[in-house]
Every structure is written in structure tokens, then in C-alpha cells.
Amino acid sequence: MRSPLARFLTAVAATLVLTGCTMTGPGSATTSAPATPSPSATAHPTTEPTSTDDAAPAAPEMAFAGDCAQVLTDEDLSAIAPAVWTATDLRGTDPASDLAGALSCHWDAGGAGAVSVDILPLSLVSEDALATPDIVACPETDGPDLCMAELAVGDSWLIAGAGSEDALSAVVGRVGARLIGQRPVAAPLPPGSWAVPDCSVIVDATRDGGMPDAEPGVQNDSQPHGPLWDVLAADGRAGWCAAHQPEEDGIAVTFYPGGADRGREPSGEDFEVEGADRGWITVDDAGLTTGVVDVGVNRLAFASYGYIDMQDDLLGSILSVLTERTDL
């Protein structure tokens, strides 16, 4: 009897072959015949290059021009599970995804299932990931986690999630067929972007900022995770660290080099802290403080647990360390 994984890969390969693509090896696909070039790929007579010294950095480009309705249609979703599907925006677009040209789409059908699709430029994916056979994993127990797949399709890295292997096979087959010819582009990190430091550097900064016995992590650990985050972090486009006093709460920070003015619009009241150009802050009834600060071309998001009185000192010390490590 063939394994579920083998059936999954066969279904994906068959769909891509029918649409003019062939699997060239584990985790990759290419067109099997020359395709009609898109306007952006059409060859034109070359002209003398102009000086690029003052040229603006390349803008990111998402697959499907960032339109999730082109990734999976209502008909596609109904075929996966006959239910009422709703497009959701659980995470929004974070600054790192925006700058990287990564498209994230999510749909929910209540108890009938959920589907997620992330598409990012293949150029961002590490050689180790590219050398790994198609990555397919399903949770061992019932719960909200989805079966996940990661694979290369043309110029894109596809990360798909669904409630079952059958649903996942359908998602990857349909999205993979449409991805051929799509060319997402990541913008380079602009000059002045932070170089994401090791977490130990941030923990030391919190000790200097008012938590003398700080240890890594926080009790309510909210560290970002998942395949998309892993790719962005490995490429130096995002980072996370947290620190706390023993037996107490602390502060967690997420770094977005080059992420100022990108992604979702920050919410909250205006907030000033030494070392930042501008900021936004929100305090809830339980004492959790969340906020965002922009420093030059960079963005830092933070969550402070029980340290409102020394929050400014902690952030100031962290920003000072990050500024010292600016990748000029």
C-alpha cells in the first residue's frame, strides 16, 4: 500500500504536469515547454545602462500582485470542503514579509476546516531547505494545527497548510499550477538596516536598562514561529528576543530591519522613547503594553509584561545596541 506522503506527491506532480510543468526533483518544478512570456519577462533591445549610484532600491513584488483571490478561488475552496469559506487576516502583513515580497493568504470554514498559503521568492530560501525533499508534516494529535507542506514551484517557495492530507494535496495542486510564471521579488534591505543580533546581546542590554538579573525568554513566550518566519529570520529580515527577571515578567522585542513604514499600520497612541524617530503604544487593562517604534529605516515591535515603569529605559538600551549594529 502506498503511503499518504507518496499519494500526496503523486497528486501534486500530476497536476503540475497537466499544466505544462514537470517536477525536476524533490521540492522543485519547472516548465516543460517554453511558455508565452509575460510583459515583465519579454526581451527588449538593450540600451546603455544608466548610473545606479543614486537609484532607488528595487521594490518588492508579490505573486499574483498580492491578490489572494487569484491564489484560490471560491470554487477551489468549495471543492476542498463544501462549506462557507471566509478570507481572514490573522497576522496581517508584517514589515519583513512586505519587504520580502511574501504573500500570505488565509481562509476559514468554521468547523469544516482552514487553509493557509504563503508564497515568497525562491531566492530567499536557504540551500539546505532547497536540498530537502518536499517537506510535509501533519500534527500527531487533534487540534488547531494544520498539515503543512513546503516546496519550490518555479521561482516561488510555496508554504501551504490545510486540515488534512487530502485537503493539503488539493491546495498544493491547485496553487502550484497557478504559480508557474509568477515571479515574486524581494527588495534588498536598504542602507542603514539593522544587523539582527544574537539574543544574548539583547539580554545584556536589558540588564543595562534596569533588569540586572535578566534571563532569556518570558513566561508568556510569544516567539514567532512557522515556516515563513524561519525563512525571513534565516535571511536576516526579522529577529526576536525576550528577557525577564527571575520569577517575574519581562519584555519581548521583534526586529524588522528595513521595515519602517512597511506592513500593517501601527495602532495606539503616539509614543516617544530615546533613540526612536516615532512610536505607537497601547496598554490593556491587564497591564500588557504593546507598541512599535521606528528608527531610521528600521522597525521594532515590543511587548512589555509588568515593566511599564522602566519600559523606556529598557527600550532605550535595546535601541542603542541595535544602532551600534546597523548594517551601513
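I started at strand E16, where Phe 302 is the bridge partner of Gly 291. Before going on, I noted that this is a predicted model, in which local features need pLDDT of at least 70, side-chain atom pairs count only at pLDDT 80 or more, and totals for chains, interfaces and linings use all residues. Residues are numbered from 1 along each chain as its sequence is written, and side-chain values use heavy atoms, with hydrogens and water left out.

My element names follow DSSP runs numbered from the N terminus: helices are H or I with at least four residues, strands are E with at least two. I call two strands paired if DSSP finds at least two bridges between them.

E15 and E16 (residues 298–305) are antiparallel, with eight bridges. Two residues separate them in a hairpin, and Gly 296 in that turn has a positive phi of about 60°. I looked up Trp 280 and found Val 292 of E15 as its bridge partner. The E14–E15 turn has four residues between the strands, and Gly 287 there has a positive phi of about 95°.

Buried here means under 20% relative accessible area, with exposed over 50% and partly exposed in between (1.4 Å probe, protein chains only).

**Cores**

I took a nonpolar core as a set of buried Ala, Val, Leu, Ile, Met, Phe, Trp, Tyr and Cys residues joined through side-chain atoms within 4.5 Å. Which residues have the most contacts inside the largest one? They are Val 71 and Val 117, in a core of 28 residues. Elements giving two or more residues to this core include helix H3 (74–80), strand E4 (103–108) and strand E5 (114–121). Helix H6 gives the largest share, six residues. Apart from this core lies another, of 26 residues, and Phe 302 turns up there, along with Met 211, Leu 300 and Leu 315 among others.

I then checked Val 117 for contacts (heavy atoms within 4.5 Å). Leaving aside neighbours within four places in sequence, its list includes Val 71, Trp 107, Leu 158 and Val 175.

**The six-stranded sheet**

I traced an open sheet in the order E3-E4-E5-E8-E7-E6, with antiparallel pairing. E3 (86–88) and E6 (135–137) are at the edges with a single partner strand each, so one side of each has no neighbour in the sheet. E3 pairs with E4 over three bridges, and Ala 87 stands opposite Trp 107 in E4.

**Ala 214**

Where does Ala 214 sit? I found it in the loop between helix H7 (199–208) and strand E10 (215–216). Asp 204 is 10 residues away in sequence and 7.7 Å away in space, C-alpha to C-alpha. Beyond four places in sequence, the contacts of Ala 214 include Val 203, Arg 207 and His 244.

**H8**

For helix H8 (residues 227–234), I list Leu 228, Trp 229, Val 231 and Leu 232 as buried. Down the axis of H8, these fall within an arc of 160°, so they line one face; the arc is that of the directions from the helix axis to the C-beta atoms. Their cover includes helix H4 (95–100) and strand E11 (239–244). After H8 comes Gly 236, with a positive phi near 75°.
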